[in-house]
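Hi everyone, thanks for making time.

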Amino acid sequence: MKKLPLVLALSAASVCTFASAQSNVSVYGRLYPYLNSEKASGATAAGTPVATLAATPTTPSAIAGGIKGMASGNSNIGLRGKEDLGGGLSAEFQIEGVVVVDDGGAGGFSWNRNTFVGLNGGFGSVKLGLMDTVFKEYGDTIGVLGTSSGTPMSSSNILRKVSFGTNNAARFHERRANSIRYDSPEIGGIGAALQVATQENPNPALGIGAAKTYSLGVKYDQGPIYLALAHEIHDNWFGGSVNAPSAMRNNAQAGITSKDKATQFTVEWRINKDHKVEFDAIKKDYKENANVAGRFASYSNMAYLVAYEGRFGDWRAALQYVRSEAGKCSRVSAACVTDGLEGSKFLVGGAYYLSRRTYLFAVYDQMTNGKSGRFAANDFGAVNPGEDTKHLIAGVTHRF
């Protein structure tokens, strides 16, 4: 891969240039390549009745026989810095991209993670660029051993999406381009944030505007308790119908719009400096103003997360359980059932520290689908309705 060395060389040169004017520019990153043994089983047999919004059951998926390989998750490298502008005002920047550790990546390198420039002051902060949403940041705070982003270990693959499709338009766990975000100053541990993003893709032929995201939240973070309430709205993402069978979709129908919403409550209890527990509850609603009989109209469900992480000297342990309900759905002048759209996920993992920045980790992860569900968190392929997946993961991570 020829682009990555060039980019990194330019980045290093940039650091030197910036450092002459700013004393706190830094290079940082986390690399966590891992080996993954991935296997699916229990696919729903062809001809079995499934939920209205589910795909038709077929043969088992390509990973039913098991696949072993290497992946790198969202291993990343970045630059960040801050400049004092005087009068209590400062400027900050960050540029960050994924480093494909296992094979270098075929598509080249780009700054495709949190990348922004902003101003900080007594008013709080304002940032413009590509950023995680407030909703994503305020929930699922514990993670899995610091290595879950972009991997089968991430709870978002069941907690923040639907089970009847594979399109991420339905997922409330995204990084949004073209974002402007405001974070308030924290007073007594209480803070709030608001973010607006647009996809800049209006479709005049269909009479609808560009897809937009509105993400906001309030949090309390002081002492042993962290509490957060977040809400997110997706305008014209069509997260419900693009995941339904093609005959039920509305995203190419003139005059039809969509509004998907999610509300999330998070509590984290830091028992002491070595042990913490988290609980999340999320309600998701997908609605479209369809007017053709049989088309998707709405879907809603609840999902829950319970997580634990603890330190025992040089050892670190993680436990997670995630549950998503089958929910309710409706279509225009037609029946809609959700039988079998439920799913759950269980994870247990551990890490051993070789130093403060380097550790070995291993995780066992199992995702169980109802007969209609397609929840998956795979490195090597999607699943068919009803298939369950198991992962045995082992790797090494280094932070710099």
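**The cores**

Okay, let's start inside: the largest nonpolar core has 34 residues, and Leu53, Tyr138, Tyr286, Tyr299 and Leu341 are the ones that touch the most other members. By a nonpolar core I mean a set of buried Ala, Val, Leu, Ile, Met, Phe, Trp, Tyr and Cys residues joined through side-chain atoms within 4.5 Å. Buried means under 20% relative accessible area, with exposed over 50% and partly exposed in between, using a 1.4 Å probe and protein chains only.

Who supplies this core? Helix 2 (134-138), helix 3, strand 11 (225-235), strand 13 (275-288) and strand 14 each give at least two residues. Strand 14 has the largest share, with five residues. Helices here are DSSP runs of H or I with at least four residues, strands are runs of E with at least two, and both are numbered from the N terminus. There's also a second, separate core of 14 residues, including Tyr32, Ala71, Ala318 and Tyr359.

Before I go on, a word on what you're looking at. It's a predicted model, where local features need pLDDT of at least 70 and side-chain atom pairs count only at pLDDT 80 or more, while totals for chains, interfaces and linings use all residues. Residues are numbered from 1 along each chain as its sequence is written, and side-chain values use heavy atoms, leaving out hydrogens and water.

**Zooming out**

The protein has three helices and 19 strands. Its radius of gyration is 22 Å, close to the 21 Å that the globule rule gives for 400 residues, so it's as compact as a globular protein of that length. That radius is taken over C-alpha atoms, and the rule is 2.2 Å times the number of residues to the power 0.38. Of those 400 residues, 49% count as buried.

**Rings**

Now the aromatics: how many pairs does a search of the whole structure find? Seven. Rings of Phe, Tyr and Trp (its six-membered ring) pair if their centres lie within 6.5 Å; planes under 30 degrees apart are stacked, over 60 edge-to-face, and the rest tilted.

Take phenylalanine 164 and tyrosine 299: their ring centres are 5.0 Å apart and the planes sit at 80 degrees, so that pair is edge-to-face. The two are 135 residues apart, with phenylalanine 164 in the loop between helix 3 (156-159) and strand 8 (175-183), and tyrosine 299 in strand 14 (residues 296-312). Phenylalanine 164 is buried at 1% relative accessibility, and tyrosine 299 is buried too, at 2%. Ring pairs also link Phe135, Phe164, Phe172, Tyr286 and Tyr299 into a cluster.

**Two more residues**

Alanine 228 lies in strand 11 and is buried, with a relative accessible area of 4%. Leaving aside neighbours within four places in sequence, alanine 228 is in contact (heavy atoms within 4.5 Å) with Tyr138, Val218, Lys219, Gln264, Phe265 and Thr266.

Last one: is asparagine 36 buried or exposed? Buried, at 2% relative accessible area. You'll find asparagine 36 in strand 2 (residues 34-41). Not counting residues up to four places away in sequence, asparagine 36 touches several residues, among them Ile67, Pro152, Phe380 and His391.
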